[in-house]
Amino acid sequence: MGAVKTKRMPRAVREQQMLDAAVRTFGQRGYMAASMDEIAELAGVSKPLVYLYLNSKEDLFTACIRREARALTEAVRAGARPGLPADRQLWSGLTAFFTHTAQHPDGWAVLHLQARTHGEVFAAEVAAMRAEIVAFVTELILAAAREAHRDPDFPEREVAGLAEALVGAAESLADWANATSGVTARQSAATLMNFAWAGLGDLMAGAHWTPPDDSASGSGSVCESGSASVSGSASGAGAPQAGRTSPVR
């Protein structure tokens, strides 16, 4: 009998195995401490084959960043179901974000911790991903603002900063959730919705919070709508407002 021929693994499959091993190693050990020998061993291939496929440690790390960034943005966009009110789209998008970062902690570590601190080229890759997510969140908040104000020309600049702040809060919360036992993706999303969207609800209604006038007496703050909110009172910011409901049931 002749020798049995084994089927050769397709290049794309082999490359994904290498990327899986690299993401795990970079995410857990850090970019500087990770070695190509360790990555090759974890992938079950020779180190020369890793170099043949992915050229260098820098190119391998860049490929990891791009793959993980693409997977995260696709998860968020797929999670935010179109046709729903803006708050529900944001809720489902945030749930998808926290689900993905929880299920891929090494990938999240590569994106949020490693890539940002090891050179401008790596940081630029993550910045591009972040800009896409910020733009998506801006669209959701802008749609809600235009509907609330009944103004189809409500300017984007009024909500752009809010989207930046919301994405930043989500990133920090993902770090905390991944480091804290027992926190679910749904709980993380609910925390951020109750922190951010409740405040956005006031903004949509025209009740803007403004800093108090230090030259005036008293500790109350005056909203742009003309109404005063008194700290610590039953009608203050710490008390529930009539008609407001949590997005989470």
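**Exercise 1.** Which residues in H2 meet which residues in H3?

*Solution.* This is a predicted model, where local features need pLDDT of at least 70, side-chain atom pairs count only at pLDDT 80 or more, and totals for chains, interfaces and linings use all residues. Residues are numbered from 1 along each chain as its sequence is written, and side-chain values use heavy atoms, with hydrogens and water left out.

Step 1: contact means heavy atoms within 4.5 Å. Step 2: from H2, take Met 36, Asp 37 and Ala 40; they meet Lys 47, Val 50 and Tyr 51 of H3. Step 3: sort the residues of this contact into four nonpolar, no polar and two charged. Ala, Val, Leu, Ile, Met, Phe, Trp, Tyr, Cys and Pro count as nonpolar, Asp, Glu, Lys and Arg as charged, and the others, Gly among them, as polar.

**Exercise 2.** Describe how H2 and H3 pack.

*Solution.* Step 1: H2 covers residues 36-43 and H3 residues 47-54. Step 2: their axes are 8 Å apart, at an angle of about 95°. Step 3: the two helices are therefore roughly perpendicular (65 to 115 degrees).

**Exercise 3.** Check the span of H8.

*Solution.* Step 1: H8 has 23 residues, 157-179. Step 2: the expected span is 1.5 Å times one less than the number of residues, so H8 should span 33 Å. Step 3: its end C-alpha atoms are 34 Å apart, which agrees.

**Exercise 4.** What is the average pLDDT of the chain?

*Solution.* Step 1: pLDDT is the predictor's confidence in each residue, from 0 to 100. Step 2: the chain averages 81, and 78% of the residues score at least 70. Step 3: over residues 1-6 the value is below 50.

Conventions:
Axes fitted to C-alpha atoms, helices over the stretch in contact; angles between N-to-C directions. Helix = DSSP H or I, 4+ residues; strand = E, 2+ residues; numbered from the N terminus. Parallel < 35°, antiparallel > 145°, perpendicular 65-115°, else oblique.
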